[in-house]
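Keep the view open and try each task before you read its solution.

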Amino acid sequence: MSNVRRIPHPTADQDGLNRTAPHDAEAEEYVAGVIMNDRAAFLECARIITREDIYLPGIRAIWDAVSGMVAENKQLHPVTVRAELEKQKRLREVEGGNLILRLGYETVPGVMAPAFAERIADVARIRRHDEYANNVKAAILAGATAEELDKLTDSHRQQEERRTTLGQGPSHLTAAFLDWNQHFATDFGNVQLLPGKLMAPGQQITVVGDGKAGKSLLVQEWLWRMASGQSFLGDRPQDPISVLYVDAENGHADIQERFLSYGAGPGRMGLLTYASFPPIRPLDTAGGGADLLAMVGEAEAQVVCLDTVSRFISGPENDADTWLALYRHTLLPLKRAGIASIRLDHMGKDGERGARGSSAKTQDVDHVWELRAQGGGTLLLKRTHTRTGIGPDQFVIVRQSRRHGDHYMPGGTRHVLMEYDQMQEATEGSVEWLVAQIDRLGLPDDAGNPRTKAALAQAGIKAAKVKIEAAVRTRKNRDNSGSRNGFPETFPDDLPGEGSPGTPTGTEKPQVNHSPGTLREPQGTPPSPPSPPLGEGKGEGSPATGTPDEPLCTVCGDPLTGYRLHRGYTTHLACDPETGSHPARPTHPTNTDRPNDERHSA
C-alpha cells in the first residue's frame, strides 16, 4: 500500500456533526461530588452557577435533587440523594445510581467547590456564545435578513443581561447596587399600566374569587388580549406582550372551547404560551422555582400566570412558611427580573376575610383583586389591598356570552365595563338597593310579592311593604325587557354568531314595556300613549268586551296581551291583586265595587 497517496482532510470533529458543545466534565463531577456531602458547599456554588450552567445531564439531575433537599432542610448524603432521585423516578439519568456512588465517595474538600463552580460558569458562558454563533450561521444559510440577524444579536445580549440581573455569575451581588444618577433620573410616576389597568409591568398581583365566580374566564381573556395586542375593559390597545399561562386546573377541552369563544384560534394566539398541567416541582422549593424560571426563559415571557397557585405548592396552605418559601424561591427571582406575575386563588369560607389560608400569601403582592359575582352576568372586581395605589380601585364588569345549546359560540364571549348609568350605587333602603338585595338572594325576576317578602324576611332584610312591591314591579319590568339573566348583548359587528331574537344591536337601547300600552324610552320628549283599541259595546255606558278567547285582567278587566298572556299571568304587570290598585287610578276600588263605566274609563 506504499503507492497509496494519503490526502489530508479536516477532522470529523470540525464538520459540526460530532462536535460537542464546550463544557468541563471534570469540574462538573467535582462539584457534584462535593454538594452531595456538604450543604455549605452547595450554597456557595449556588451563588455562582445555576442548573442551566451544567452541561452533563447526570450532574444536572444531582444538582436538582440536592437543591430541593437543601430547600426542605433534609440531610445530605449520597445515599439520601440517591433515594430522592429514586423517588422522583430519575435514577436512569444517573446510570441507575452508579454515578452517585462513583462521585459521592471520591470527592474534594468543600472549600474547593467555588473554584470549580467558577470554572463551570466561565465555560457555560463560552457555550452560550457558541450556541449564539451557530444560530447566526444557521440563519445566514437560511437566507435571514440583516434585521433578523440584529434581532438574534439583541436577544443574545438581553439574555446575558438577564442572567446578571437574576443573580447568576460572580457579579450577582454587586448587580443589586443602585446607580443613583440613573435611579433619580427615572420617572417612576409616569407608569404605563399593562392592558386592562390591573397592574404595572413587573408587579405581582393576586386575583381571588369563589370557585364559580369565573376567575379563569376573566383572566384567560385578559391575558389573551394582552398577548395579541387588543384592548381590554375599555383600555386602549398596546403592543403584544409575551405571556406564559401555567394551568393546573382546566382540561384541554375547556381550554379550547373558552379560547374559541373569546375569538381566539389558530393564527390568533399572539404571544401567549400555554402550559397545561406541566410536571414542574413545587414552587415553594428551589427546584420548582428553577423549573418555572426555565419555562419563563424559554417562552421569553414578560407576564406569568399561575392557575391556581395552591396547585403548585407542597407545604400546608395555612402555614406562613409555605408562602414565604414560594416568594423566596419563585416570586422573588421573577420580581428581580422585572417579570410580572398573576396568581389565581380561591376565596376562604368567610368571604369577608379574603383568600383562604395564611395571611402571609398577600404580604408580598402589589395588589389583591377580589372577584365577586353579582348575578345576571355582572361581576365586581375590587382591589382590597394595594402597595402602590396606581390605577383604578374597582371595575363593574358584565360577562357577555352567546350559547348554542350546551356550547359557547365562537367569538361570542367577552368581558366589558358596565355603563356608567348602571354603576350608580343605590342608597341603602331605596328601591334600587332593595332590587340589588333581592338579586343577591337569587330569586328569579318574575318572583311575586309573597315569595319575595318571605325571602327577605328569612335573610333578615327589613323593608317597607310598599318598597318591596315597587322592587317586585321593577324586577318584572326588567324581565320583560331582557332580564339580568339574559343581559342585552352589545357585541361588535365583527364578532361571529347571531344574537338572540329581538336583541337590540349597536348602541340602541332596548325599550321596556312599563305597563300595557305604555313605552319607557331613553330620556327625551316623553311619547304620547297610544289610543286604546276600539271594541264593540252593548249600549250607552256599557263596557266594550273582548273576544271570547281573549283573557281579561282580574283587576282592571282590560285584555291581557304580550308576554303576560303567554306566560299565564292573570293580571297586568302594574295591577296589584291585593289592593286592586292600578297606575292610572292608584286609589280606585276593586272591580266589584266600581261602576262599569268608571272601570272602563280607567
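**Exercise 1. Find the handedness of the crossing of α1 and α3, then describe how these helices pack.**

Step 1. The crossing of α1 and α3 is left-handed, where left-handed means that the near helix is turned anticlockwise from the far one by less than a right angle, and right-handed that it is turned clockwise. Helices here are DSSP runs of H or I with at least four residues, strands are runs of E with at least two, and both are numbered from the N terminus.

Before going on, a word on the model: it is predicted, so local features need pLDDT of at least 70 and side-chain atom pairs count only at pLDDT 80 or more, while totals for chains, interfaces and linings use all residues. Residues are numbered from 1 along each chain as its sequence is written, and side-chain values use heavy atoms, with hydrogens and water left out.

Step 2. Two packed helices are described by the angle between their axes and the distance between the axes. For α1 (residues 25-35) and α3, the angle is about 25 degrees and the axes are 10 Å apart. Axes are lines fitted to C-alpha atoms, for helices over the stretch in contact, and angles run from 0 to 180 degrees between N-to-C directions.

Step 3. α1 and α3 are therefore roughly parallel to each other; angles under 35 degrees count as roughly parallel, over 145 as roughly antiparallel, 65 to 115 as roughly perpendicular and the rest as oblique.

Step 4. On the α1 side, the contact (heavy atoms within 4.5 Å) is made by E28, E29, V31, A32 and I35. On the α3 side, I59, I62, W63 and V66 take part.

Step 5. Sorted by class, this contact has 7 nonpolar, no polar and 2 charged residues. Ala, Val, Leu, Ile, Met, Phe, Trp, Tyr, Cys and Pro count as nonpolar, Asp, Glu, Lys and Arg as charged, and the others, Gly among them, as polar.

**Exercise 2. Work out how α2 meets α3.**

Step 1. The axes of α2 (residues 39-46) and α3 (residues 57-71) come within 11 Å and cross at roughly 110 degrees.

Step 2. That makes α2 roughly perpendicular to α3.

Step 3. From α2, the residues in contact are R39, F42, L43, C45 and A46, and from α3 they are W63, V66, S67 and V70. The classes are 7 nonpolar, 1 polar and 1 charged.

**Exercise 3. Trace the open sheet and locate β5 in it.**

Step 1. The sheet has 9 strands in the order β3-β2-β4-β5-β1-β6-β7-β8-β11, with mixed pairing; two strands pair if DSSP finds at least two bridges between them.

Step 2. β3 (272-276) and β11 (414-417) stand at the edges, each with a single partner strand, so one side of each lacks a neighbour in the sheet. From one strand to the next, the twist averages 25 degrees.

Step 3. β4 (residues 303-307) and β5 (residues 340-346) run parallel and are joined by 4 bridges, with S341 of β5 as the bridge partner of V304. β1 and β5 also pair in the parallel sense, over 6 bridges, and V207 stands opposite L344 in β5.

Step 4. Is β5 buried or exposed? 7 of the 7 residues of β5 are buried, so β5 is largely enclosed by the rest of the structure. A340, I342, L344 and H346 point one way, and S341, R343 and D345 the other way.

**Exercise 4. Pick out some backbone exceptions.**

Step 1. Most residues other than glycine have a negative phi, and most peptide bonds are trans.

Step 2. A cis peptide bond joins D307 and T308, with omega about -5 degrees. T308 is in the loop between β4 and α12 (320-336).

Step 3. E300 is not a glycine but has a positive phi of about 50 degrees. E300 lies in the loop between α11 (286-299) and β4.

Methods:
Buried means under 20% relative accessible area, exposed over 50%, partly exposed in between (1.4 Å probe, protein chains only).
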